[in-house]
Amino acid sequence: MNLLYCAIYFAVTGILSFIIGRIFPKNVFKYDKFPFKSFGFENGGKIYTKIGINKWQNKVPDMSKIFKHLMPAKNLSGGVDSQRLHTMILETCEAEVTHLLLCVTGLYCLWLWPGAGSVVVYAIYALFGNVPFILIQRYNRPRLVRLYSRSVKNAAKE
């Protein structure tokens, strides 16, 4: 029964975070500032290639494919302009915050179901349901920022 309570709690917080993420103004995110700017050890996101992120990131569920009319597409097909790149960068910030907050709020499961079972369930939830998505944002954002900077420079030359 406690497992069911945790599952319901994770589902409700996931749905609420999705709704809040859609209505939350993205312009509050400063992608070039802490905590979104790449840390030195991340080497512009390249550190994540050591865990093969470039091979598996497209195999995990993507809400933009499920809710096509509610979220901008996460691919660069169909042309790249600076506005679209900027939107994608801010979406990575929002997704990172959402998954980080889900990790934090998920700790409530440990109170709902005290004991080793909840620790295992929370670890699975955090490590497989949220951490990979945080890493994907940390990997993709610096690449998108580089493209965005080039796009803005090219537009200024024209």
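The link between C6 and C109 is right-handed, with 100° about the S-S bond. It is a disulfide (a pair of cysteine sulfur atoms within 2.5 Å), and the sulfur atoms of C6 and C109 are 2.1 Å apart. The structure holds one such disulfide. C6 lies in helix 1 and C109 in helix 5 (residues 108-112), so the pair ties together parts that are 103 residues apart in sequence. When I say helix, I mean a DSSP run of H or I with at least four residues, numbered from the N terminus.

A word on what we are looking at, please. This is a predicted model, where local features need pLDDT of at least 70 and side-chain atom pairs count only at pLDDT 80 or more, while totals for chains, interfaces and linings use all residues. Residues are numbered from 1 along each chain as its sequence is written, and side-chain values use heavy atoms, with hydrogens and water left out.

Back to the cysteines. Are C6 and C109 buried or exposed? Both are buried, meaning under 20% relative accessible area with a 1.4 Å probe and protein chains only; exposed would be over 50%, and partly exposed in between. C93 is buried too, at 0% relative accessibility. C103 is in no disulfide either, as the nearest cysteine sulfur, that of C109, is 13 Å away.

Now please find helix 4, residues 82-106. Helix 4 has 25 residues and reaches 36 Å from its first C-alpha to its last, close to the 36 Å expected at 1.5 Å a residue; that expected span is 1.5 Å times one less than the number of residues.

The side chains of R22 and E94 are joined by a polar contact of 3.1 Å. For us, a polar contact is a pair of N or O atoms within 3.5 Å; within protein, one must be able to donate a hydrogen and the other to accept it, and residues adjacent in sequence count only if both atoms are side-chain atoms. R22 and I134 are 112 residues apart in sequence and 17 Å apart in space, C-alpha to C-alpha.

That is my tour, thank you!

How values were computed:
Helices (H or I, at least four residues) and strands (E, at least two) are DSSP runs, numbered from the N terminus.
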